[in-house]
Amino acid sequence: EDVRSRWRGIIAPHLLDHLVVDPRARWQVRPIYGTVVAIILGAIAAAGPTWRHERPPFAEDKAPLAIAIDISQTMDAIDVNPTRLERAKLKVHDLLALRPGARTALYVYAGTPHLVLSLTDDAKLLGTYLDALATNLMPPGAKDTAKALDLVEQGLAHEEVPGTILFITDGVEPAAFDAFTHPKGKDLLMVLGVGTEQGGPVRTGPDSFLEDATGARVFTRLDVDALRRLGHSGVEVATITADDADVQWVQRNVQTHL
């Protein structure tokens, strides 16, 4: 078993030490090993990988929210200060502040619906588009809420987790009730009414208001009874409040539905 003893009589001692390979010495650290390790670490550092633990979707608020804002002409009514539309935009800003990092999409509608911004977690970008909304972006005419719902449902159709669709409007026409009570997807439908039962004139300029054929100011009122009937059919319905109770209500429903 002793290699040295077998070769001691044949090979000179001062040469034998250099010729015998010791198995235990094979795994000694050598300079080449350090070089290889340094090259590997350098390559990894240059690639710039990052590691992050991916939390399951139910561990945080990742529920998508699609907001559809009514920008028909009646949203310029001043029964809500400063106008219905401006108050709606402020409420959306408050809602975005409650959902940091969550994805939100923005739609607008009147006679036709339009996608403003698809699902994004960039609240600043969404706020920029939100602030630019105005009723004069859409041609005048009767609004089609059912068509708007269909467009939003198409946008959320491929989402893995249940989403929420929030309509902010001063009224849902009865013709759209069937679409709301028989949704196509798994998304929660919510309606936040903007306006008052007493109503108010519709502003058309800094000092001008919408008038009828007789020259009298047109007053538009929030149809609370219609919203109540819609709520009885299973749709989550509420009206805006002076505090943040309405946006808290929306956020609770989004999380509960998820």
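Predicted model: local features only at pLDDT ≥ 70, side-chain atom pairs only at ≥ 80, totals over all residues.
**Exercise 1: a helix and its span**

Solution. Start with the limits: α3 covers residues 31-47.

**Exercise 2: a patch on the surface**

Find which residues make up a nonpolar surface patch with Y33, and decide how Y33 is classed by its accessible area.

Solution. First, gather the members: I32, Y33, V36, V37, I40, L41 and I44. Together they have about 630 Å² of accessible area. Now place Y33, which sits in α3. Its relative accessible area is 37%. Buried means under 20% and exposed means over 50%, so a value in between is partly exposed. Y33 is therefore partly exposed.

**Exercise 3: a covered strand and its partners**

Describe how strand β5 is covered and which strands pair with β5.

Solution. Begin with burial: 6 of the 6 residues in β5 (residues 188-193) are buried. Then take each face in turn. One side holds L188, M190 and L192, the other L189, V191 and G193, and all are buried. Now turn to the partners. Strand β4 (residues 164-169) pairs with β5 in the parallel sense over 6 bridges, and F167 has V191 as its bridge partner. Strand β10 (residues 236-239) also pairs with β5 in the parallel sense, over 4 bridges; here L192 stands opposite A238.

Technical notes. Residues numbered from 1 in each chain as written. Heavy atoms only, no water. Patch = residues over 30% accessible without salt bridge, like charges linked within 9 Å, V, L, I, M, F, W, Y side chains within 5 Å. Areas by Shrake-Rupley, 256 points an atom, 1.4 Å probe, with all protein chains shown as cover. Salt bridge = Lys/Arg side-chain N within 4 Å of Asp/Glu carboxyl O. Helix = DSSP H or I, 4+ residues; strand = E, 2+ residues; numbered from the N terminus. Buried < 20%, exposed > 50% of the residue type's maximum accessible area, 1.4 Å probe, protein only. Pairing = 2+ DSSP bridges.
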